[in-house]
Structures are given as structure tokens and as C-alpha cells.
Amino acid sequence: MILFKHELRQNRTSLAVWTGTIGLLMVICLMLFPEMKQQMAGVSKLFASMGSFTAAFGMDRLNFGELTGFYAIECGNVMGLCGSFFAALIAVNALSREERDHTAEFLLSHPVSRRRVVAEKLCAVVAQILILNAVVLALSLVTVAAVGEVIPWKELMLLHLSYLLLQLVLSGICFGISAFLRRGAAGVGLGVAAMLYFLNLAANISSRARFLKYISPFGFCEGADIVSNGAIDGGMLALGLLYGALGMVIAFVHYCRKDIH
């Protein structure tokens, strides 16, 4: 697992910065909740009457005066969007970086198969996502307890599980894309994550665009749906996991056959 450890060492600064930033934003949001709780009850009614805008984020179905509603929207957007950007960024750079930085010939001259290179890099991507989510979840739980709120264990665990699965799906998709790239890939990864996010928003706004939910993996981590139903949509989740698995398979197949420059 030498390559796995090397990937973690190489990305430790990026992982620390992203984890610290997302964790800090989550803590700030939760620290503000007690001050905003009384005011947010009236805001919920206002949001519920704003039509398409609130439907895009599910704000018409949640009560901002309750921790679960506030957490699903405010903290959900931080964790869902920023976490997805991180997952896409590290995954899309995982394989393409070797050719971009001209280290591929050095790496592949060692007695290690390409299949093992791909496998260890993929494991490193997954490990970084797990570390980020574990730290952020711990900070969130500590902050909720610190502000004197009762921890809604089921809802928080389901929300964070959905964010984790979303990041794994996006990392699988971007990992597959990484196998085809030879130069800077950061913009590609962030672009893919942003595009899929806005496709889901469009699906929430218009019934005519509802089919886009079957394209974007963001469809199964809707905070409003999870809090309202008390579960993650199994069908949407299965479809998202399929997309992620296909990306990983494509990465193995293409990288093991491609000409390395």
C-alpha cells in the first residue's frame, strides 16, 4: 500500500484545508441557530409562499424554527455542495496528475501493475472522503450539544450518510473522467459537480425537467425529502451508486489500456 500512503501524504494539506473550512462553516451555522430559532418560525411561512425558488431547495417543506429543518437546508448546502466539490476535485486529479506532472513514466517503471495503481489511488480517494465526513460529523454533533439543542440522531445520521454517498458517487464519476485526462483537471471536476447540482435544482423547479433527477446524483440527498420521509430514496440512491460504479469500472478499463504520455 505504498502508493496509497503516498497519495494521502501528497494530499494531506488539501484534505486539512477542505476539512477545516467545511467544518468551520458547519460550526458557524449551528452556533447561529439558537439566535435565529425564534425568528425563523415566521420566515418558514414566508419561504413556503415563494413558489419555485423555495421548491428548488425544498424550503417549502421544512420548518426553519426546528433544528432538523435548519440543518437540512443551511448545513446541507454547505456539506452537500462543498463536500461534493472536494470529492470531485481529488478524484478527477487522481489519475490525470501523473501525466500532467510527468511522473507517470517513473511510477509505471516500477514493478507495479496499472490495475494496482488505479486501485490504490481509488482507495486513497475514498479514504480522504471518509476522513472529511467523519471529522465534520463529529464537529457538528459537538456543536449541536454545545448550543443546548437535543441531537436528532436519526435525521442527522441519514443526512450525513446521504452526503457521504453523494460524494462517493461523484468521486466515482470524476475518477472515471480522470482516466481520460492528461492535463489540468481541477476545472473539469468542479464543473461536473456544479453542473449536476444545478440539474437537480432545475428538476425541483419545473415538473417538465423532473427527468433530470435521474441524471443528477444530488436527487437522493434532498434534505427535505430525507427529513420528511425519514429515509433516503432507495431507487434514486441505487441509480446514483450505479453511476459511481460505472465511473470506477471505466477508470480501470481505460487506464489499463491507454498510452501513457
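Accessible areas here come from the Shrake-Rupley method with a 1.4 Å probe. On that basis, the chain in this predicted model has an accessible surface of about 12200 Å², and 67% of that surface belongs to carbon and sulfur atoms. The fold is helical: there are 11 helices and 0 strands.

**The chain as a whole**

- Reading from the N terminus, the elements go α-α-α-α-α-α-α-α-α-α-α.
- The chain has 261 residues, and 49% of them count as buried.
- Take the contacts between residues at least 6 apart in sequence: 76% of these link residues at least 24 apart.

**N133, a buried residue in α7**

- N133 sits in helix α7, which covers residues 114-146.
- N133 counts as buried because its relative accessibility is 6%, and the cut-off for buried is under 20%.
- The side chain of N133 makes a polar contact of 2.6 Å with the side chain of Q167.
- Setting aside residues up to four places away in sequence, N133 touches M79, H160, Y163, L164 and Q167. So Q167 turns up both in this set of neighbours and as the polar partner of N133, where "touching" means heavy atoms within 4.5 Å.

**K37, a partly exposed residue in α2**

- Look for K37 in helix α2, residues 12-48.
- K37 has a relative accessible area of 27%, so it is partly exposed; that class lies between the under 20% of buried and the over 50% of exposed.
- Apart from neighbours within four places in sequence, K37 is in contact with G65 and E149.
- K37 and L67 are 30 residues apart in sequence, and their C-alpha atoms are 8.3 Å apart in space.

**L246 and the nonpolar patch**

- F180, L242, L246 and I250 together make a nonpolar surface patch of about 370 Å².
- One of these four patch residues, L246, is found in helix α11, which spans residues 234-255.
- L246 is partly exposed, because its relative accessible area is 45%.

Terms used
Residues numbered from 1 in each chain as written. Predicted model: local features only at pLDDT ≥ 70, side-chain atom pairs only at ≥ 80, totals over all residues. Heavy atoms only, no water. Patch = residues over 30% accessible without salt bridge, like charges linked within 9 Å, V, L, I, M, F, W, Y side chains within 5 Å. Salt bridge = Lys/Arg side-chain N within 4 Å of Asp/Glu carboxyl O. Helix = DSSP H or I, 4+ residues; strand = E, 2+ residues; numbered from the N terminus. Buried < 20%, exposed > 50% of the residue type's maximum accessible area, 1.4 Å probe, protein only. Polar contact = N/O pair within 3.5 Å; in protein donor to acceptor, adjacent residues only side chain to side chain.
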